[in-house]
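Hi there,

Here is the structure I said I'd pass along.

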Amino acid sequence: MGFKGKRSFPRRPCNSTATVSIQRESPLTMHETLFQPIRLGAIDAPNRVLMAPLTRGRADPGFVPNAMMVEYYRQRASAGLIITEATGISVEGLGWPSAPGIWSDEQVEGWKDVTQAVHDAGGRIVLQLWHMGRIVHPDFLDGAAPVSSSATTAPGNAHTPNGSKPFEPARALRLDEMPRLVDDYGHAAENAKKAGFDGVQLHGANGYLIDQFLRDNSNFRTDEYGGSPANRVRLMREVLERLIAVWGKDRVSIRLSPNGDSQGTDDSNPGAVFGEAARVLQELGVGFVELRQPGPNGTFGATDVPQQDALIRSIYTGPLVLNSDYTADQAEADIASGRCDAVTFGRPFISNPDLPARIRSGAELAPNVNVPKSWYMPGAAGYIDYPAMAAASADAG
Ligand SMILES: Cc1cc2nc3c(=O)[nH]c(=O)nc-3n(C[C@H](O)[C@H](O)[C@H](O)COP(=O)(O)O)c2cc1C
């Protein structure tokens with residue numbers, strides 16, 4: 001996903017089998033709440049151990065899902081719900097090498113095999129819809145400038161097919177282009193339906209296009225999409241309305257990252273804009289809301305900006321899903337206390353395809369090896385070769 005926030009991962013040499021973060025989870029009785037079923041809009045999840053969206057960069061040329069991706073998602077079907085890796089809604093919106101898209105018929109065909117495999121294995125899967133905005137490097141656009149809320153440049157470097165390159169200036173979307181942009185989301189949502197998903201999640205987090213409109217350090221517009229919080233949430237609302245027209249409100253969700261800097265997007269008053277966003281989400285009645293909100297000691301985008309979940313929960317009354325740096329014990333505690341209804345696990349699902357079973361049995365969690373190299377590198381290694389528990393013990397025996 002090209003996250004450029006502050007990271008504090010222990011770097012290990014390639015192929016190291018040294019422990020990165022082995023945790024032994026507490027036994028079964030400690031995690032009863034995590035294994036209570038939950039209704040996420042129209043989706044019945046049998047447990048609250050959900051899989052967070054994870055870009056893995058393994059698609060075929062043309063941004064087409066392939067057999068390796070089918071296997072990866074099939075292995076993780078025991079998650080209460082899988083939220084897929086961020087998936088480009090259009091050529092304009094996708095700037096990550098070998099990430100998948102959902103604008104072409106070929107991509108839809110590829111995704112059909114993924115959803116079929118997950119459903120055959122008893123799982124549920126929603127597609128995360130992604131427009132990267134200014135994070136798309138012109139190399140993906142035949143040299144054209146990327147689009148954003150305003151003419152700004154993301155800090156840092158882009159991953160491009162030609163290596164790492166500094167981001168280039170984006171151009172502001174014109175007012176007359178907004179209906180076309182919303183149509184692109186609508187087309188992607190229709191394709192997601194054809195591909196057999198159980199719903200869609202709007203990627204409104206991590207400094208991508210929707211976030212670039214939300215925050216006042218990347219949105220300097222003077223029209224109805226800029227200025228007040230009500231104006232800055234307008235694009236989010238319009239896109240959600242279109243997704244709901246395709247899917248119904250119960251099968252549409254959103255991910256936000258309301259605290260802190262994400263790839264250069266930040267806000268002078270997060271409570272004002274995310275409070276307004278929560279009011280829209282409540283009014284629209286989306287199926288669930290997911291927040292990625294690291295704390296000051298987070299290992300993925302650590303920030304001192306206060307977490308906004310209490311504010312959002314006080315306004316949006318549907319299921320609230322929290323993320324970042326969760327252990328099973330902390331997830332259990334936060335659900336039991338009513339802070340949230342479910343938790344998404346990201347990195348733990350990379351190396352533990354059967355994470356719910358491991359948590360339930362109190363088994364050791366396998367660490368991510370080759371971190372972070374294997375996250376995005378091509379090929380099966382570090383992707384579909386993490387064994388499930390039974391296979392792991394058989395190997396050991
Ligand atoms: C390899 C990798 C890829 C990611 N890709 C996405 C993505 O496609 N969409 C998204 O919203 N977040 C993405 N994230 C963020 C994760 O969903 C999650 O917020 C982060 O890993 C923190 O959760 P964790 O502590 O459980 O790992 C990614 C994170 C990692 C490590």
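Before anything else, one term: a salt bridge is a side-chain nitrogen of Lys or Arg sitting within 4 Å of a carboxyl oxygen of Asp or Glu. Also keep in mind that this is a predicted model.

With that in hand, look at Arg215 and Asp211, which form a salt bridge whose closest N and O atoms are 2.8 Å apart. Both Arg215 and Asp211 are buried. In total, the structure holds 24 salt bridges.

Another one to find is Glu290 with Arg255, where the closest N and O atoms are 2.7 Å apart. This pair ties together distant parts of the chain: Glu290 is in strand E12 and Arg255 in strand E11 (residues 252–256), 35 residues apart. Glu290 and Arg255 are buried as well. Some salt bridges share partners, and in that way Glu92, Arg171, Arg174, Asp176, Glu177, Arg180 and Asp184 end up in one network.

Asp183 and Arg242 form a salt bridge with their closest N and O atoms 2.6 Å apart. Asp183 counts as partly exposed because its relative accessibility is 38%, and Arg242 counts as partly exposed because its value is 30%.

The largest nonpolar core has 85 residues, and Leu235, Met236, Leu240 and Leu243 touch the most other members. Helix H6 (residues 234–247) gives the most to this core, eight residues.

If you zoom in on Leu240, you'll see contacts with Leu202, Val252, Ser253, Ile254, Leu281, Leu284 and Val286, leaving aside neighbours within four places in sequence.

Finally, back to strand E12 (residues 288–292), which contains Phe288. Is Phe288 buried or exposed? Its relative accessibility is 2%, so Phe288 counts as buried. Not counting residues up to four places away in sequence, Phe288 touches Leu40, Leu81, Ile83, Gln201, Val252, Ser253, Ile254, Tyr316, Pro319 and Val321. Take Val252 from that list: Phe288 and Val252 are 36 residues apart in sequence, but their C-alpha atoms are 7.5 Å apart in space.

Cheers

Conventions:
Residues are numbered from 1 along each chain as its sequence is written. This is a predicted model: local features need pLDDT of at least 70, side-chain atom pairs count only at pLDDT 80 or more; totals for chains, interfaces and linings use all residues. Side-chain values use heavy atoms; hydrogens and water are left out. Helices (H or I, at least four residues) and strands (E, at least two) are DSSP runs, numbered from the N terminus. Buried means under 20% relative accessible area, exposed over 50%, partly exposed in between (1.4 Å probe, protein chains only). Contact means heavy atoms within 4.5 Å. A nonpolar core is a set of buried Ala, Val, Leu, Ile, Met, Phe, Trp, Tyr and Cys residues joined through side-chain atoms within 4.5 Å.
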